[in-house]
Amino acid sequence: LLQSVWKIAIFYMLWALYNKYLGGRPQELGHVSFGLLALTSYLEKRYLAMGACGLVVLNFAVVIPLVVSKGPAGLAKIIWKDTSPMSLAWAYTFTFYILSNVALWSYVLYTLYSGVVGRARSSSSSSEGGAEYEPIQHQQEGIL
């Protein structure tokens, strides 16, 4: 999991840096939390990655009270100063973006916490609800 997380975190970190320095959003701080998550995941420091992932969840979650209190239309009015169809489309997309990222990174945090990914399962662990892994045997045949 950590080897996948650091690659995704690098993308989000670069996107946050773009928003901060080229996108006109100097208050953007996502590069800090995603940078920490990328570094700790790359180094395979599970517990530090959990802390960085919690920070990522927090960064997304702090926006939820604003979205809930104002709703997407109110959010569009605050950000774009109007409620045109384009502003509303942005507000609903942004709302979905925030909620889906809270769900995604919360699940990553839970998975890191539980330690399920990367733990070898024996045949006796199938009673814990996990399935045994059997490698797929490929037969080398012609394409046609």
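A residue is called buried when its relative accessible area is under 20%, exposed when that area is over 50%, and partly exposed in between; the legends below apply these words to a predicted model.

Figure 1. The predicted model shows a protein chain with five helices and zero strands, so that, read from the N terminus on, its elements follow the order α-α-α-α-α. Of the 144 residues in this chain, 30% are buried. When contacts between residues at least 6 apart in sequence are considered, 53% of them join residues that are at least 24 apart. The accessible surface of the chain amounts to about 10200 Å², and carbon and sulfur atoms account for 66% of that area.

**Figure 2. Close-up of the stacked rings of Tyr12 and Phe34.** The count of aromatic pairs in the model comes to twelve, and one of them is formed by Tyr12 and Phe34, whose rings are stacked with 4.7 Å from centre to centre and 15° between the planes. Because Tyr12 belongs to helix H1 (residues 2-21) whereas Phe34 belongs to helix H2 (residues 30-42), the pair ties together parts of the chain that are 22 residues apart in sequence. Tyr12 has a relative accessibility of 17% and therefore counts as buried, and Phe34, with a relative accessibility of 5%, likewise counts as buried.

Figure 3. Trp90 and Phe94 form an aromatic pair that is stacked, with 5.1 Å between the ring centres and an angle of 15° between the planes. Both residues lie in helix H5 (residues 85-114), and because they are four residues apart there, about one helical turn separates them. Trp90 has a relative accessible area of 27% and is therefore partly exposed, while Phe94, at 24%, is also partly exposed.

**Figure 4. Close-up of the aromatic cluster.** One aromatic cluster is formed by Phe11, Tyr12, Phe34, Phe60, Trp80, Trp90, Phe94, Tyr97 and Trp105.

**Figure 5. Close-up of Lys20 and the ring of Tyr21.** In this view Lys20 lies over the face of Tyr21, at a distance of 5.8 Å from the ring centre. The cut-off that applies here requires NZ of Lys to be within 6 Å of the ring centre and within 35 degrees of the ring normal.

Note on methods
Residues numbered from 1 in each chain as written. Predicted model: local features only at pLDDT ≥ 70, side-chain atom pairs only at ≥ 80, totals over all residues. Heavy atoms only, no water. Helix = DSSP H or I, 4+ residues; strand = E, 2+ residues; numbered from the N terminus. Buried < 20%, exposed > 50% of the residue type's maximum accessible area, 1.4 Å probe, protein only. Contact = heavy atoms within 4.5 Å. Areas by Shrake-Rupley, 256 points an atom, 1.4 Å probe, with all protein chains shown as cover. Phe/Tyr/Trp six-rings, centres within 6.5 Å; stacked < 30°, edge-to-face > 60°.
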